[in-house]
Amino acid sequence: MQTLSLVEGLYLYPTPAGAFYATASQTADKARDFLLNLLKQQQTPALTLVNLQKLTGIAEPEKAMEQLLHCQKLGWVQGVDNPLTVPGGTIEDLLPDLLAKISEHNKVLLADEQGFYLVCSGFPHEVAEELSALSAELASVYARRSGLLMNNMGIFSQAWAIVDAWGHSQIGCWPLFIGNQRFVLVISGVPHFNHAEFVTLVWMLITRYLKTSN
């Protein structure tokens with residue numbers, strides 16, 4: 001049997017893929033719970049057994065480390081050398097710059113589940129309003145047809161996009177589930193979810209909304 005041990009001196013931080021998985025669905029599982037608990041922290045926690053047990057919710061040391069190994073193999077969590085702190089300030093002030101960096105066209109907005117946009121970068125006000133309303137309508141379509149997509153076709157993504165002739169997204173709606181709340185990123189062009197700014201965006205939303213949404 002493989003004996004697991006923790007590398008000392010590191011701090012736990014989700015990768016962009018981990019932040020995406022954490023918020024792509026409301027379906028609970030051990031890995032998603034671990035990532036969400038990690039993203040609730042105001043500062044990246046030190047990689048210690050005690051912290052790992054708290055974050056995973058697993059009391060048995062070996063099983064807690066196995067959960068970390070599982071997420072590490074999937075590329076969902078990483079160890080950083082220095083502690084990071086979630087940015088302070090208001091979402092309205094901080095998010096526009098973050099949003100601009102996760103789209104190839106620098107055009108992104110964040111909408112709520114009612115179809116109103118909260119923050120926008122690059123879109124004119126009137127366009128942002130219409131796109132936000134469209135994102136809510138698409139969510140309603142998905143809710144009516146989710147049985148077909150998930151049960152019959154095995155498609156679990158809830159994102160929608162208008163694509164070009166090569167299948168590349170021209171405008172897409174990407175849901176972010178923060179507790180019981182559903183936000184939507186409406187992005188012009190190919191999304192850059194593999195950028196560090198996406199982790200910061202998710203981290204800010206979770207620390208501000210998750211604890212009050214349950």
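Analyst: Buried means under 20% relative accessible area, and exposed means over 50%. Values in between count as partly exposed. Note that this is a predicted model.

User: Is S25 buried or exposed, and what is its relative accessible area?

Analyst: S25 sits in the loop between α1 (16-23) and α2 (30-39). Leaving aside neighbours within four places in sequence, S25 is in contact with R32 and F177. The cut-off for buried is under 20%. S25 therefore counts as buried, with a relative accessible area of 18%.

User: Which residue has its backbone nitrogen 3.0 Å from a polar atom of the S25 side chain?

Analyst: A polar contact needs a pair of N or O atoms within 3.5 Å. The S25 side chain supplies one polar atom, and the backbone nitrogen at 3.0 Å belongs to T27.

User: How many of the residues of α2 are buried?

Analyst: The buried residues of α2 are A31, R32, F34, L35, L36, L38 and L39. The helix is largely enclosed by the rest of the structure, because the buried count is 7 of the 10 residues.

User: Which residue caps the N-terminal end of α2?

Analyst: Look at the backbone nitrogen of A31. A side-chain oxygen lies 3.1 Å from that nitrogen. The oxygen belongs to the capping residue, D29.

User: What volume lies in the largest cavity?

Analyst: The search of the whole structure finds 1 cavity of 30 Å³ or more. Its lining is S135, L138, Q158, A159, W160, C173, P175, R182 and V184. By class, that lining has 6 nonpolar, 2 polar and 1 charged residues. The space in the largest cavity is about 30 Å³.

User: Which elements each supply at least two residues of that lining?

Analyst: The lining includes S135, L138, C173, P175, R182 and V184. The elements that each give at least two residues are α6 (125-152), β6 (169-178) and β7 (181-188).

User: Which backbone oxygen lies 2.8 Å from a polar atom of the R208 side chain?

Analyst: R208 is in helix α7. Not counting residues up to four places away, R208 touches V86, P87, G88, G89 and I91. The R208 side chain reaches the backbone oxygen of P87 at 3.2 Å. The backbone oxygen at 2.8 Å is that of G89.

User: What separates the C-alpha atoms of R208 and T90?

Analyst: R208 is partly exposed, at 26% relative accessibility. R208 and T90 are 118 residues apart along the chain. Their C-alpha atoms are separated by 9.8 Å.

User: What is the phi of N106 near?

Analyst: N106 lies in the loop between α5 (91-100) and β3 (108-111). Most residues other than glycine have a negative phi. N106 has a positive phi, near 60 degrees.

Technical notes:
Residues are numbered from 1 along each chain as its sequence is written. This is a predicted model: local features need pLDDT of at least 70, side-chain atom pairs count only at pLDDT 80 or more; totals for chains, interfaces and linings use all residues. Side-chain values use heavy atoms; hydrogens and water are left out. Helices (H or I, at least four residues) and strands (E, at least two) are DSSP runs, numbered from the N terminus. Buried means under 20% relative accessible area, exposed over 50%, partly exposed in between (1.4 Å probe, protein chains only). A polar contact is a pair of N or O atoms within 3.5 Å; within protein, one must be able to donate a hydrogen and the other to accept it, and residues adjacent in sequence count only if both atoms are side-chain atoms. Contact means heavy atoms within 4.5 Å. On a 1 Å grid over the protein atoms alone, a cavity is a set of points where a 1.4 Å probe fits but cannot get out, and a pocket is an open set with protein on both sides within 12 Å along at least five of seven lines; lining residues have an atom within 4 Å of a point. Grid points are joined across faces, edges and corners, and a volume is the space filled by probe spheres set on the points. Ala, Val, Leu, Ile, Met, Phe, Trp, Tyr, Cys and Pro count as nonpolar, Asp, Glu, Lys and Arg as charged, and the others, Gly among them, as polar.
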